[in-house]
Amino acid sequence: MTSKTFLVQANRPTQKTINCTISDQLFKNIPVSVVFFYRKNTHQDLLIDVFKEVLSDFPVFAERLQNIDGNLAINCNNQGVLFSVAKDDMTLDNLLKELPIIKKKRLVDAIDPKKVISQQNPILTIKVIYFACGGMTLGLCWHHSIGDMYSFMCLMKAWSNKVNQKEYTLPLIVEERDKYLQENLEDNGNTTPNVRYLNTKKFLGFLFYLLFSARDKSSFGLYFSENELKNMKEQFSEKTGKKLSINDVLCAHLFSIISELDTYNKKRYLSIVVNYRNRVKLPQNILGNFISFINVLTDDGVKSFPLATELRASVNNFQRLHMSFFATKEYIEQNGGTKKIAQFIPIGIDPLNRTLLITNWSKFGVYDVTFGNSEPFYFTPFGNAPSPWLSVIVEGFSNKGLVYYVSLPKKLVKKLKQKDNIARIHQYRDQEDVLPELAEKLGWLF
């Protein structure tokens with residue numbers, strides 16, 4: 001595979017400093033990698049030329065992260081995005097069959113989040129690969145402190161619209177993110193922070209786990225058809241007498257089976273990531289990390305129907321029960337502040353106590369990222385999760401159905417793959433359900 005790498009800068013430079021929130025700093029060691037797959041390609045010159053224009057409106061993605069007096073800041077000075085273009089002799093279909101064992105660097109130029117800060121490396125990388133079959137992949141990796149998946153998709157949809165000669169929504173970029181939230185969020189009186197502080201002993205234990213025990217994990221993919229999800233939702237709504245979402249029922253269904261097979265006879269959390277912009281009436285176009293967690297503590301013997309009901313009640317009452325910006329900020333400040341930010345871990349990230357974290361990226365418009373006649377037929381998060389018990393839901397092939405990707409201990413994944421357990425997972429699937437051709441061909445997707 002041949003490739004070339006270069007920096008792409010905005011056509012209209014912007015100079016400003018954006019001070020990050022505590023939430024941004026909680027993600028300072030987390031990179032996010034995704035890949036879009038296209039049957040038809042778009043010429044690199046068009047992609048690059050248009051991206052330069054769009055980048056002028058989204059300068060935070062072209063800049064560098066700095067530590068200033070112990071706080072994280074984005075220094076906007078148009079230093080550029082790392083862009084690479086490559087050619088690959090493989091076909092996309094063969095690539096997809098081998099996707100779980102493909103080395104990350106083949107599709108994505110991964111960033112090291114620590115070096116992004118210490119060495120002032122780019123915070124966003126883009127890799128376009130042209131394949132022998134005429135298709136292409138678009139692999140991207142960004143530093144989580146810049147913004148969440150929603151922020152990233154604002155950039156991607158703007159890029160797509162600009163190529164397709166359509167208008168796009170300009171982003172809202174605030175220079176004092178923390179101050180903005182303090183002035184625009186209602187303090188609900190919630191006193192429960194969304195993070196926990198690890199003292200030196202516990203923090204070292206957590207690092208030891210990530211370095212050694214966390215390696216004993218395996219990734220696992222499940223495809224749910226639209227009809228299967230419809231059946232599941234109807235069955236749950238009938239049993240509970242409640243109006244539930246597909247996310248409610250799918251999360252409850254998966255967590256109950258995973259918990260049962262894990263035979264962990266203690267209380268544990270199910271943690272759901274929530275994009276709270278709409279729920280607290282923030283502008284939809286604001287860039288940054290405006291996500292929080294719904295943490296539901298469950299007993300041994302999780303029952304799926306009551307759990308789905310509890311999830312729905314939590315979502316409906318998110319602002320009152322789970323919005324914890326002020327509580328989390330106060331808790332961190334009382335325990336050493338941002339100078340000890342590495343020792344604060346979100347409650348939803350707790351592999352030692354088998355907390356399952358689920359983030360849902362469906363309805364973010366990943367299949368709207370078209371470039372002329374190039375339409376994505378598959379989208380996926382990519383690369384090994386840093387630890388087990390992390391998972392994500394995305395739309396399935398050509399925007400049909402949902403795919404659930406999860407990283408779990410190897411022994412548990414082996415159990416889940418057993419024929420009877422796969423049947424339990426797909427108990428709401430009709431026998432005559434016609435699955436997408438790719439879903440049936442990929443041996444790693446169940």
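## Helix α10 and its end

Just after α10, Thr263 adopts a positive phi of about 50°. Helices here are DSSP runs of H or I with at least four residues, strands are runs of E with at least two, and both are numbered from the N terminus. The model is predicted: local features require pLDDT of at least 70, side-chain atom pairs count only at pLDDT 80 or more, and totals for chains, interfaces and linings use all residues. Residues are numbered from 1 along each chain as its sequence is written, and side-chain values use heavy atoms, with hydrogens and water left out.

The 17 residues of α10 should span 24 Å at 1.5 Å a residue, and the end C-alpha atoms are 24 Å apart, which agrees. The expected span is 1.5 Å times one less than the number of residues in the helix. α10 is mostly covered, with 14 of its 17 residues buried; buried denotes under 20% relative accessible area, exposed over 50%, and partly exposed the range in between, for a 1.4 Å probe and protein chains only.

## Packing of helix α9

Helix α9 (residues 226–240) and helix α10 (residues 246–262) have axes that come within 9 Å and cross at roughly 90°. α9 is therefore roughly perpendicular to α10. Axes are lines fitted to C-alpha atoms, for helices over the stretch in contact, and angles between N-to-C directions run from 0 to 180 degrees. Angles under 35 degrees count as roughly parallel, over 145 as roughly antiparallel, 65 to 115 as roughly perpendicular, and the rest as oblique. On the α9 side, Leu229, Met232, Lys233 and Phe236 meet Ile246, Val249, Leu250, Ala252 and His253 of α10. The residues of this contact comprise seven nonpolar, one polar and one charged. Ala, Val, Leu, Ile, Met, Phe, Trp, Tyr, Cys and Pro count as nonpolar, Asp, Glu, Lys and Arg as charged, and the others, Gly among them, as polar.

The axes of α9 and helix α11 (residues 304–316) come within 10 Å, again crossing at roughly 90°, so α9 is roughly perpendicular to α11. Gln235, Phe236, Lys239 and Thr240 of α9 form this contact with Ser304, Phe305, Ala308 and Thr309 of α11. By class, three nonpolar, four polar and one charged residues take part in the contact of α9 with α11.

## Asp109

Asp109 is placed in the loop between α4 (104–107) and α5 (113–118). With a relative accessible area of 18%, Asp109 is buried. Residues up to four places away in sequence aside, Asp109 touches Ser84, Thr125, Ile126, Lys127 and Cys141, where contact means heavy atoms within 4.5 Å. The side chains of Asp109 and Ser84 are joined by a polar contact of 2.7 Å. A polar contact is a pair of N or O atoms within 3.5 Å; within protein, one must be able to donate a hydrogen and the other to accept it, and residues adjacent in sequence count only if both atoms are side-chain atoms.

## Loop residues with positive phi

Arg354, in the loop between β13 (344–346) and β14 (356–360), has a positive phi near 55°. Arg354 is partly exposed, at 27% relative accessible area.

Trp389 lies in the loop between β15 (376–381) and β16 (390–395). Its phi is positive, about 75°, although Trp389 is not a glycine. At 1% relative accessibility, Trp389 is buried.

## Tyr405

Tyr405 belongs to strand β17 (residues 402–409) and is buried at 13% relative accessibility. A polar contact of 2.2 Å links the side chains of Tyr405 and Tyr378. Beyond neighbours within four places in sequence, the contacts of Tyr405 include Phe220, Gly221, Leu390 and Trp444.
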